[in-house]
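Hi everyone, thanks for making the time.

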Amino acid sequence: MQLNDGPASRRRISVDEAIRALLAQFDPVSDHERITVLDALGRTLVEDIPARADVPPFDYATLDGYAVRASDTVGAAPDRPVPFEVIGVLAAGAVTSRPLGKGEAYRILTGAPLPPGADAVVPFEGTDGKGFGGWEGADAVSLGLAEERVAVRVQVRSGDDVRPRAEDQRSGEILLRSGTRVRPAEVAVLASAGIYSVWVHRRIRIGVLSTGDELVARDHDGPLGPGKIRDANGPAVLALAMRDGAETVDLGQALDQPNSVRGSLLKGVALGCDLLVTSGGVSMGDRDMVKHVIRDEGEVSIWSIDLRPGKPFTFGRFHGVPVMALPGNPVSAMVAYELLVNPVVRRLQGDRATVPVEMMAIADQEILNDSGRENFVRGVARIAGGACGSIEWHVCPTGPQGSGILTSMSRANCLIRLSPETRRVESGGRVRVRLMDAFPLW
Ligand code: AMP
Ligand code: MG
């Protein structure tokens, strides 16, 4: 794969082209592991998961009241109460084999299976029954006692206040598809289905390297020496990779010398990294040698993207291991990670959703794009009332957009996406917004 036309060419590839090309390079890792459902949080299922049984397993009362045959309540009204004989009490977890006959009722509590013969529940409020929810009621239940008769003052229909068996899950139906990322909702579905462990893709291992002579050691706590800065990208990329559920290998920092970069990358290869992510040293400067180091012992197939911030993003392989080289400016590094590395990590870990949710929003102020590139402006999206009482998504840039202004990332929850041709969006205009951390579901 060689995407830019050649080292001398000025042609840059678009972000979408780059994402497509990158995704085409990767298949999900083929190693799987079976882990408990809670450990699977954030991991991706390798198999379709069928329901093992009906959930709920029986028809049950959705509130406290009296289980009856609905047909026995026909004509019941406040001024024409219908008398029932109460033949027992059913609390959640209790069952009875004694079927309900005509004119009979069970006092029933939320969650208790409907007794045989009953097809509806009359809420307690629709009767002259006493004591639900109070001490008297609790006592009556624990003693298995109930009043002998109750007057029903409302007519109910079959199925009223009954949650039917299999309403949630029907035995054999597919509950979750292969390629689904496990969120708390999936943990709950699996738990309710009685599934305690699942097969998932293994985590991928990402080696993270910062480059630059100007970086001080991560644990340097004192004042900075002249010309020195702290390493934001290393921790930022480690955190992004951790958020994405990967195992991380901290390769630390390399100097702007080929041997230093080379040595660090080789260490990542030796440690079995599935992917190496570097930052810095990929521009056109005299000291930017990351591309050369990769090319000397592998290949470079992408080295320039029609993107702001993040143009010098580079992709290649070093000793066969894929390397994604991010620009040094911290915002560029983070944005390029979100746009280009995150989809690859998702694909490698088996996630079907690789590209996050986008939506249209109203710009609350003028936004300019003088870059001639596709511009991703850090923004704050919120839902708010607009003109004529409409409720719509609105978005505002976070302020100055310099690619060193890291605090703008911290203030943002979205990226406002402006095409290379869009020079200006006026206040009130519509813009494309890419939410951070929101992915489509299938
Ligand atoms: P480079 O792409 O190496 O030319 O770096 C571009 C800018 O980003 C320079 O101002 C660097 O000092 C800065 N930079 C590079 N790496 C880091 C890092 N790990 N943390 C913070 N800033 C960095
Ligand atoms: Mg540098």
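Let's start with helix α4, residues 233-243, where the buried residues are Asn-233, Gly-234, Ala-236, Val-237, Leu-238, Leu-240 and Ala-241. Buried here means under 20% relative accessible area, exposed means over 50%, and partly exposed is in between, with a 1.4 Å probe and protein chains only. Helices are DSSP runs of H or I of at least four residues, and strands are E runs of at least two, numbered from the N terminus. The cover over the buried residues of α4 includes strands β12 (205-211), β13 (247-254), β14 (275-279) and β18 (321-326), along with helix α7; contact means heavy atoms within 4.5 Å. Just after α4, Gly-245 takes a positive phi of about 85°.

A quick word on the ground rules. This is a predicted model, where local features need pLDDT of at least 70 and side-chain atom pairs count only at pLDDT 80 or more, while totals for chains, interfaces and linings use all residues. Residues are numbered from 1 along each chain as its sequence is written, chains are lettered from A and ligands numbered from 1 in the order in which they are written, and side-chain values use heavy atoms, leaving out hydrogens and water.

Now, at what angle do α1 and α7 pack? Helix α1 (residues 15-24) and helix α7 (residues 330-348) pack at about 25°, their axes 10 Å apart. That makes α1 roughly parallel to α7, a label for angles under 35 degrees. On the α1 side, Val-15, Ala-18, Ile-19, Leu-22 and Leu-23 meet Leu-339, Leu-340, Pro-343, Val-344 and Arg-347 of α7. The residues of this contact divide into nine nonpolar, no polar and one charged; Ala, Val, Leu, Ile, Met, Phe, Trp, Tyr, Cys and Pro count as nonpolar, Asp, Glu, Lys and Arg as charged, and the others, Gly among them, as polar.

On to the rings: there are two aromatic pairs in the structure. Rings pair if their centres lie within 6.5 Å, and planes under 30 degrees apart count as stacked, over 60 as edge-to-face and the rest as tilted. Phe-26 and Phe-315 are edge-to-face, 6.0 Å centre to centre with 70° between the planes. Phe-26 sits in the loop between α1 and β1 (32-36), and Phe-315 in strand β17 (residues 314-318), 289 residues apart. Both Phe-26 and Phe-315 are buried. The rings of Phe-58 and Tyr-60 have centres 6.2 Å apart and planes at 80°, so that pair is edge-to-face.

Methods. Axes fitted to C-alpha atoms, helices over the stretch in contact; angles between N-to-C directions. Parallel < 35°, antiparallel > 145°, perpendicular 65-115°, else oblique.
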